[in-house]
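This report describes two kinds of interface, one within a chain and one between chains. The sequence and structure are shown below.

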Amino acid sequence: MWDVVEAALDAAEFAGASYADVRVVTAREHSVSVADSRLDAAATHESSGIGVRVIADGSWGFASTSEPGTAAATAVARDAVAVARASALVARDPVRLAPVQAHIGTWIAPSERDPFTVPLEEKVELLLAADAAMKTVDAIKLTRATMGFYEVHKYFASTIGSRIEQRYTESGGGIVAYAIADGEVLTRSYPNAHGGDWAQGGYEVVEGFDLLANAPRVAEEAASLLGADPCPSGTMDLIIDGSQLGLQVHESVGHPTELDRVLGDEAAFAGTSFLRLEDLGTLQYGSEHVSITADATVRGSIGSYAFDDEGVPAQRDYLVKDGLLAGFLSSRESAPSIDRTSNGCMRADGWNRIPLIRMNTVSLEPGTWSLDDLIADTERGLYVETNNSWSIDDKRLNFQFACEIGWLIENGVKTRMVKSPNYTGITPRFWSSCDAVCSRDHWKVWGLPNCGKGEPMQVAHVAHGAAPARFRGVEVGVGR
Amino acid sequence: MTPMSAIDAQALAVRAVGLTEADEAEAVVISSDTALTRFAENRIHQNVTEHDTTVSIRAVLGTKNGSASTNRLDDESLAACAAAAVAAASASPADPEFPGLPEPRPVTVREDTLEPIGFGPVERAEAVRSIVEQSAIRGLVAAGGVALSTDTVAVANSHGVDVGSKVSTARATVLSSGEGAGTGWASHFTPSTVGFDPAAIGDEAATLALRTSSPSDLAPGDYTVVLAPEAVADILDFLGYVGLSARSYVEGRSFMSGRLGERILSDAITIVDDALSAESCGLSFDFEGQPKQRVALVDSGITCTPVTDSYWSARTGMPNTGHALPAPNSIGPLPRDMQIAPGDASLDSLIRSVQKGVYVTRFHYVNVEDPVPVTLTGMTRDGTFLIENGRLTAPLKNLRFTQSAIAALGKVHGVTEERRLFQTMLGSALVPGLLIDAWAFTGQTG
């Protein structure tokens, strides 16, 4: 494969590129899904190709093709240079990249049981058993059980001399029970909503979820929601479970700290950020209980890698430290705007996409509380679990999340279940209201394989570590 | 790289079917050539092209299904893909309700209109320059993109289905903003570069940006709204996604479930899915090679029917409307070329009829909180105005809404005659502007 990579690099330089990097990527996907006691899908997908990114005449160009071989690689490299020269027709300052050392190496993420060799019958049997266990509850009218697997093998080379090979496998899955009656659809998921939970590793990841053992509880909770009271409307203290808080971190810390958004590169599509470059080190993002890291080295996380897609080594960096804005997610092009080098966050969704600044494992660092103590310490509040819906404005300020389930907290006791709880807030005001974060005993990394960004749309696999935390005086029950 | 012809794609699909040793087989070929020039801060910052062809094979053994796909097109890779599909089917449990792959039906193939070869990277850059200049001369900055794509799609199956077509689109977006200004938005989406006027959309966005400076607050509450067509497209898209599929209908997750033939929406609202209309960019057949039908989804506020594919047609007894997605499909059939019928008003006349209300240019980050009433939440952006005494008076800060689309579309009191085509999550939407009596704004940014 290196011959194809070298051919593309040579062609790009010969055509006039002042910088070039080449990625050859082969990705395999396998998905199995069961719905309502029948197999919904059993499929595999393979995709491979080459993407060449160049700077020529001071501007970027990128071209990609699925056609194999050195001839196609050479042609696509020349196309990339032609595209870059066209970019230069509407340019400002020439592109400047933060320095990075050349790296030569191979990284293979740990994985125990190859999910692509586990018999399909075994997977279907597990999903159908979990499905049947949910169906034992009368009110459950619809069920879904899914599992999926990715295997990625990529070669990266750049004109500064890097030659990097990386391989990893990701596995995930989950179950969903739908209680449906009188025009109401109430959902309960495990271990997380929107496709379950995901981690780097093999089939052992899915086995570790123990979907079958959790299916009856999931179904019972969904059925109970039909008879639950609506979420009250008003302002109250809010305790958010780790999975929902992971998404809260994602939307209201991860995305706004992407430096390309801050610089306006995504303005027309996903939006910008309320953060400005000059906020670094001065903006109070949250309370002193809020420290948030971006870490590409967390073992087993789908946000982990050894090198990003610019050949920058994986790092751990603070985005928020003790409430203060401490960093941004950056790239080689954007990092000079804050007088830093890249912290290695550039990743592409396959051979046919350019790398963009993406989250890795962006986590709320654990605090000291136990969940029981936190609830006991809350006089009047709401405890919510598992995301149902999310929305945030184009500057990442005004958010609204809906969850699958909630319980009122009255005089320090978790009491009545409520259905369809939601809450809304403004990002720095919300994080400043955080007065307690649970301890590492409650902390877990949640895999999120569906982070959309960019045009053409790219889907990144990211992760978030979080433990339950409390926020004072939050508006809940919006529009209820 | 040049786009694959429909004939070549059909030949590839037929070859893939022939390689699949199963009771029944289906192959879908999608060959895409796309180019996108993105700009921000008045300069091109991303400029990409892509060429890819994927073959997806569905194998059927009795009533057992399995699927596999690849973008390697050599004989060995295609044979391995076919074998993987057969192996998946072999290991799958039987589905007694699977009706078998569909038989061939006549398909009218649309003529391709776009010539992307004549609109290469230099032409895209020139278009960007024309867009950006409109902001730059006003001291503003522009961001957006100019995209061209050609998709060649072919479907074949072992019963003789053998169809192919090439569809193309041209799309451009521009967001203008700057110091002392708000943000303004304009977009273009057509099946052809004919009629694409980059300077015009650049001017539209920059003009709007200048009008939205110093936005005012608005207290949360129910307001009369005039939704510009792009805002309507977003609402219609979610309505289609959660409510207009035979699958969500059968599963009780649709506003139509158990309510066909009822007047649920305003009588001013008629919704059809029509890939065959002159304005549409869609394929004239679905991913099972069945002809897409013009489907009346809602007629003068009365629910008519969801869209189907072969599987959900058999399960419901409804006709196959030709709305299958590629196999394996765990979503169900979806309407991808929806339209709302025009009315007789103009946007100006709708605004003039409002004593106090809100004008919305477009929405941002809409999501579903409750599927049956299609309760949505999202934000306004890039041109939200207070309407007072029939005039747009003050720009407003971006507003959050939490609103049932079904309830809102039950209170429509004006529909524009002019409609516009937009690219959406599902495909495309041809929509007018709407006057809606009550829309719940539940918060604002700032």
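In this predicted model, chain A is divided into domain 1, covering residues 2–227, and domain 2, covering residues 230–476. The C-alpha centres of these two domains of chain A are 21 Å apart.

**The interface between the domains of chain A**

Domain 1 of chain A contributes 48 residues that are in contact with 48 residues of domain 2 of chain A. The size of an interface is often expressed as the accessible area that is lost when the parts come together. Between domain 1 and domain 2 of chain A, the buried area is about 4,000 Å², and carbon and sulfur atoms give 55% of it.

Six salt bridges are counted between domain 1 and domain 2 of chain A. A salt bridge of chain A links the side chains of A:Lys419 and A:Glu184, with an N to O distance of 2.9 Å. Across the interface of the two domains of chain A there are also 22 residue pairs in polar contact, with both residues at pLDDT 80 or more.

Several elements of chain A give two or more residues to the side of domain 1 that touches domain 2, including strand 1 (19–35), strand 5 (140–158), strand 6 (163–181) and helix 5 (211–226). Strand 2 of chain A gives the most to this side, with six residues. By class, the side of domain 1 of chain A that touches domain 2 of chain A holds 22 nonpolar, 16 polar and ten charged residues.

**The interface between chain B and chain A**

Between the chains, 73 residues of chain B are in contact with 81 residues of chain A. The area buried between chain B and chain A is about 6,100 Å², with 48% given by carbon and sulfur atoms.

Ten salt bridges are counted between chain B and chain A. A:Asp394 and B:Arg381 form a salt bridge in which the closest N and O atoms are 3.9 Å apart. The count of residue pairs in polar contact between chain B and chain A, both at pLDDT 80 or more, is 52. On the side of chain B that touches chain A, strand 2 (residues 43–61) of chain B gives the most, with twelve residues. That side of chain B comprises 25 nonpolar, 30 polar and 18 charged residues.

Strand pairing also joins the chains: strand 2 (residues 38–56) of chain A and strand 3 (residues 64–70) of chain B run parallel and are joined by four bridges. A:Thr44 has B:Ala68, in strand 3 of chain B, as its bridge partner.

| Interface | Buried area |
|---|---|
| Domain 1 of chain A and domain 2 of chain A | about 4,000 Å² |
| Chain B and chain A | about 6,100 Å² |

Conventions
Residues numbered from 1 in each chain as written. Chains lettered and ligands numbered in written order. Predicted model: local features only at pLDDT ≥ 70, side-chain atom pairs only at ≥ 80, totals over all residues. Heavy atoms only, no water. Contact = heavy atoms within 4.5 Å. Buried area = accessible area lost by both parts, 1.4 Å probe. Salt bridge = Lys/Arg side-chain N within 4 Å of Asp/Glu carboxyl O. Polar contact = N/O pair within 3.5 Å; in protein donor to acceptor, adjacent residues only side chain to side chain. Nonpolar A, V, L, I, M, F, W, Y, C, P; charged D, E, K, R; others polar. Pairing = 2+ DSSP bridges. Domains from an automatic or database assignment.
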